[in-house]
Amino acid sequence: MSEQYHIQTKLLHNSHKVHQETGAVSVPIHHSSTFHQYSFDSFGDYEYARGSNPTRKALEDVIADLEGGTRGFAFPSGMAAISTAFMLLSKGDHIVITEDVYGGTYRFVTEVLEKYGIEHTFVDMTNHEEVEKHINPNTKLVYIETPSNPTLKITDIKKIVAIAKTHNCLTFCDNTFLTPVFQRPLDLGVDVVLHSATKFLGGHSDVMAGLAVVKDVEIGRRLAFLHNAFGSILGVQDSWIVLRGIKTLQVRMNASSQSAMTIAKWLQTREEVKAVYYPGLENHPGKNIQEQQSKSHGAVLSFEFPSRFQAKKFVENVKLPVFAVSLGAVETILSYPATMSHGSMPEEERLKRGISDGLLRLSVGLEDVNDLIEDFEQALRTLKD
Ligand SMILES: *Cc1c(COP(=O)(O)O)cnc(C)c1O
């Protein structure tokens, strides 16, 4: 409905800008599990809150609008959204999935779906021949995540969608790292967009939530059925917190991404750092594709020390970032993928994916970038001691 506005205006002036009945400028929190039916014969929009609740619906409408979809779904975590979307598949189906997928998705695919007879093959999504080669007659889904976590590899969304469509496969895209502010996978032909709204959409490290968005009405109907069948729904307080976070999404994303670029370039000049992974850097192999399909390079980067020893010392000496699992918050978050996001991955698999013992991931927040660099510089100096 608000296609005519630029995104930061849309974030504020959407269909839930004011509450129809009361004029409230903040979406009311409807703590109601069930809704009175005024007519014996025909029920209203809301019946029982597992199916739909006005507060959750407001968030679902907002994310659908931002992603250019027809329907959104709010879940209590990113993993709840991802695992429910996988239920669109059936026993005997096969998934082609990016090898550097989020650790929790890796765990779900390898340890849960496999048990129910849904198979998978991990591929390097940047190698299109390899993707095509692993599509079998029973392949029903190609699953992508771009930029990937934590090595920031870039998947060419349009190319993968074209390959998937040739073979009648669905495409899912985890859009957590960029959000619709920077990347809109549905516009590029993806069928289901998935989010951990715990990250940038919420943005303040204060809520866990997941979102799914579809464009196709029939897929939307099937996902709505699964959402209600699993009962994996986001509560109203948390829906409201995500809605509030989304209001500042673009200003946060822009500021953090700008700082990420500055920090990535600076880290590249440091001899203590073995490698820097950020799709905005000239030497990043995915830079061109990233710039074609997205509006920015994002706020997450990773960098590598020669060994665990230096990574540990850096983390112990840095003062500003929080050292924690997660990303996409107002405060800068430093994490150690080997034991955090990818702790559930066998060591051999992890190393194969370039997630070495010296790798750190940085999600840049809203601190003044000069303070961050000064802090990192003093921490790097301690490596020489
Ligand atoms: C965090 C994350 C998830 C999982 O989301 P939760 O909200 O933690 O369940 C999925 N994908 C990516 C890329 C993530 O960063």
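Strand 1 and strand 7 (residues 210-214) run antiparallel and are joined by 5 bridges; strands here are DSSP E runs of at least two residues, helices are H or I runs of at least four, and both are numbered from the N terminus. Within this pairing, Phe 75 sits opposite Gly 210 of strand 7. The model is a predicted one, with local features needing pLDDT of at least 70 and side-chain atom pairs counting only at pLDDT 80 or more, while totals for chains, interfaces and linings use all residues. Residues are numbered from 1 along each chain as its sequence is written, and side-chain values use heavy atoms, leaving out hydrogens and water.

Zooming out, 7 strands make up an open sheet with mixed pairing, ordered 1-7-6-5-4-2-3, where two strands pair if DSSP finds at least two bridges between them. Strand 1 (71-75) and strand 3 (119-123) are at the edges with a single partner strand each, so one side of each has no neighbour in the sheet. On average, neighbouring strands are turned by 20° against each other, direction ignored; axes are lines fitted to C-alpha atoms, for helices over the stretch in contact, and angles run from 0 to 180 degrees between N-to-C directions.

Helix 6 (residues 157-166) packs on the sheet, touching strand 4 (139-145) and strand 5 (170-174), with contact meaning heavy atoms within 4.5 Å. The direction of helix 6 makes about 175° with that of strand 4. Helix 8 (residues 217-230) lies across strands 1, 5, 6 and 7, at about 20° to strand 1.

Then there's Lys 199, in the loop between strand 6 and strand 7. Lys 199 counts as buried because its relative accessibility is 10%, buried being under 20% relative accessible area, exposed over 50% and partly exposed in between (1.4 Å probe, protein chains only). Leaving aside residues up to four places away in sequence, Lys 199 touches Thr 176, Ser 326, Leu 327 and Gly 328.
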